[in-house]
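Hi everyone, thanks for coming. Today I'd like to walk you through one structure, piece by piece, so please have a look at it with me.

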Amino acid sequence: MKAFLLMACLISGGASLATAQVAITKTTAGWELTNGHIHLELARSSDAVSLKSLRQEHGGEWALMGKPLVAFPNKSPTPFHYSEDVISDLAKGGKQLTLRFQSDDGGLCSLELILYPTGAVIQTALQIENHGQHVLFLDPSIDPLFLNLRNPAKGFKLFSSAKGEHGFRPAAGVLTKPDFTDWLVLENEDAGESMLVGGEPGLGVLGWKANVRPDASGTVVRAGTILIKDKKSGAAPTFELAPGATVETPISFFALAKGDSDNAGNEAFRHLKQYVFQAPLPDSPLITYCIWLTEKNSEESLLKELKLAKRVGFDVFYHDATWYEGASIVPGMNDWTLGLGSYQEDKEKFPHGLKDLSDAVHATGLKFGLWVDPGNVDAARVASGEIAAGWLAMIDGKTIGTTHPSLAPTKQLCLGDPKVVAWIEKQLGDIIEKWHLDWIKWDPSSTVSYECNRTDHGHGKTDGAYAAYRGQLEIMRYLLERFPNLSGFECDPALQFARTNPGPQSLLPGGYINEFITGPMLSPNVWGSLATAGHGDAGGEYLTARWYSASALDYYFRKHFTHGVTFGNINGMSSQFLSAAPPGFVEALERNLSFLKQYRYLLLEDVYHPKVEATGWSSVQYIKEDSSESVVYVFRDKSDIADTKIHLRALDAKAKYRVTSLNDRPGRDREMTGEALMTGLAVHLPNPWLASGDGGIKEFTDQQLYGSDILLLRRLP
């Protein structure tokens with residue numbers, strides 16, 4: 001298996017002017033890495049490398065001195081010994097220190113430490129090569145990040161993601177559950193500093209995990225890639241590295257910051273935006289309408305819905321599944337796998353062709369896209385010989401696929417097979433070019449497992465998932481190189497190649513997030529829906545009353561418009577179209593979307609979660625790094641308390657700000673100092689007029705327990 005560098009931004013090149021800001025110095029005792037924001041010092045002995053110092057400039061010491069820097073993944077007793085170092089220049093003014101370690105059984109382990117000119121962030125990656133004559137047996141979890149930290153007097157406070165909430169939340173029970181499947185922050189309250197630990201999520205193919213183990217001497221933090229996911233039963237898996245083969249982890253990273261988890265998050269995201277993420281497209285985050293049908297001549301219905309999408313203000317209008325030849329034409333039956341694997345349009349559905357639909361969408365000023373599931377095909381296409389049986393993923397001699405009561409059976413392709421990768425690149429490249437696609441929704445809905453263990457695909461018995469990960473990355477790299485303004489890929493996170501959802505959705509700034517929701521036109525509000533258990537994807541199943549106030553509908557949309565959104569008829573039914581929703585719901589969507597377009601550029605900026613004094617309330621604040629503009633979302637989430645104060649963050653205390661409430665009519669702006677806004681802004685929710693109008697009805701009673709406001713702040717000259 002060939003090794004290739006996962007991050008295009010790590011390609012060595014000529015030093016730029018910014019490179020001078022990064023210094024990696026080899027000394028008689030070890031190495032020093034610094035960029036004026038973070039300082040890392042390593043000590044070298046005859047055969048090992050240890051951590052000597054880690055701190056921000058003018059910050060406290062984090063390192064537990066003398067502890068090893070590398071957690072070697074080999075399962076054999078043969079140790080690795082330090083052999084050599086390489087210091088190289090990277091693009092964008094970065095530098096890389098590579099430390100190499102060798103074992104007597106032919107293993108070569110290379111730790112890569114990467115530093116760029118700005119920010120207190122260091123990236124890490126680990127590469128293992130087998131130069132021996134026998135298989136190397138490795139732990140399936142390979143951790144390029146391994147730190148021994150000093151314990152603060154009060155211990156570290158840990159924060160990670162929490163279901164249904166945005167931002168880092170307190171993590172309990174670290175002693176009983178030391179593993180984290182999402183990024184985490186360790187806060188040193190004594191020093192007023194925090195460390196964020198994160199990494200490449202793995203496209204849904206591989207996993208990422210961090211482990212935190214405190215004891216009396218210090219706290220050990222290790223984080224990295226899971227190459228083989230644990231089975232529910234049986235022996236723990238082993239990753240087998242064949243002679244001549246290489247495995248390289250995606251990046252992990254850590255960021256240091258003065259302050260709390262929000263400060264650490266912003267330090268990390270500034271780095272990712274500048275050096276790792278794809279550049280956002282204009283008008284990000286985009287609001288998209290994902291629509292599909294299983295019926296003949298569906299283009300007629302789609303063109304009618306396109307008019308509504310244009311009026312409401314969507315940015316993208318894209319077709320979900322069943323656009324391909326041989327797809328289901330049984331109305332409302334959700335069979336999206338029938339015909340899967342064809343990249344020709346279905347002429348029964350699109351008599352004028354998808355190029356005609358694409359042109360119609362572009363004529364309205366919207367972008368056009370398609371859903372794809374490249375790793376899966378209709379089993380009938382394999383049985384007919386159209387798809388080669390040799391391309392199929394297998395586990396222990398059995399093909400992988402799905403069966404479902406409403407779907408045609410599928411078979412899964414091995415994305416680790418170079419022939420499959422080349423075929424998918426051609427198919428996707430062709431449809432993007434001929435139909436002028438702006439958005440690709442890569443949705444592996446029918447995938448069962450990526451851990452193919454047949455050995456005629458260019459991988460071995462244990463590295464099928466790793467090969468599939470590399471294969472999918474190669475496809476995405478190819479498409480973005482050929483179509484640099486392509487967006488989408490929102491279903492599986494990848495730091496470098498996904499413009500939408502490149503990392504954990506609940507932690508990313510909202511400008512990088514796209515959430516799929518369905519709205520109240522989905523079950524239980526429509527006849528014949530196949531939605532599971534009568535629930536939609538939006539958490540909006542509580543919208544079952546006959547009447548809703550403007551305040552209640554604004555609350556619903558504002559909860560989702562803290563980031564990008566895709567509306568979709570998830571079961572492919574016309575009764576789930578947005579046009580089938582109550583007119584008042586559509587008007588509220590149009591109103592809130594027009595507001596979102598005024599401030600959405602701020603959702604790419606720093607993000608904080610201001611303190612709200614009352615329980616049952618929440619807030620998210622986006623603000624430019626120079627404190628000149630901010631947008632603040634405030635929510636009363638079914639709290640019994642109607643009045644509270646919110647303490648905004650990161651404002652210029654001495655400056656004055658114009659404060660505009662979207663609950664107020666134009667002309668009612670206030671002027672307040674940054675100091676007053678951070679000391680505490682009084683808020684009452686819901687807005688009495690928006691919640692009751694000319695006179696509240698009985699059905700509005702429970703709607704008085706929740707409400708929202710959006711505050712726009714601009715610093716005055």
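A word on the ground rules. This is a predicted model, so to speak of local features we need pLDDT of at least 70, side-chain atom pairs count only at pLDDT 80 or more, and totals for chains, interfaces and linings use all residues. Residues are numbered from 1 along each chain as its sequence is written, and side-chain values use heavy atoms, with hydrogens and water left out.

Let's start with the sheets. Strands of a sheet pair through backbone hydrogen bonds, either parallel or antiparallel. Here, strands (E, at least two residues) and helices (H or I, at least four) are DSSP runs numbered from the N terminus, and two strands pair if DSSP finds at least two bridges between them.

Seven strands make an open sheet with parallel pairing, in the order β30-β29-β24-β23-β22-β32-β31. At its edges sit β30 (487-488) and β31 (514-517), each pairing on one side only. Look at β29, residues 439-442: two bridges join β29 to β30, and I440 stands opposite G488.

Another open sheet has four strands, β11-β18-β17-β14, and its pairing is antiparallel. The edge strands are β11 (141-149) and β14 (179-180). Between β11 and β18 (219-226) there are seven bridges, and S141 has I226 as its bridge partner.

There is also a hairpin, where three residues connect β1 to β2. β1 (23-26) and β2 (30-34) pair in the antiparallel sense over four bridges, and K26 is partnered with W31.

Now the helices. How do α5 and α6 pack? Helix α5 (418-434) and helix α6 (464-482) meet at an angle of about 30 degrees, with axes 10 Å apart. The axes are lines fitted to C-alpha atoms over the stretch in contact, and angles run from 0 to 180 degrees between N-to-C directions.

On a 1 Å grid over the protein atoms alone, a cavity is a set of points where a 1.4 Å probe fits but cannot get out; a pocket is an open set with protein on both sides within 12 Å along at least five of seven lines; and lining residues have an atom within 4 Å of a point. Points are joined across faces, edges and corners, and a volume is the space filled by probe spheres set on them.

The largest pocket has a volume of about 1,100 Å³. Of its 33 lining residues, A162, G164, E165, H166 and G167 are the closest to its centre. β35 gives the most to this lining, with five residues.

The structure also holds eight cavities of 30 Å³ or more. In the largest cavity there is about 120 Å³ of space, and among the residues closest to its centre are S284 and P285.

S284 and P285 are joined by a cis peptide bond, with omega about 0 degrees, and P285 belongs to the loop between α1 and β22. Another cis peptide bond joins L685 and P686. Finally, D396 has a positive phi, near 55 degrees, in the loop between β26 and β27.
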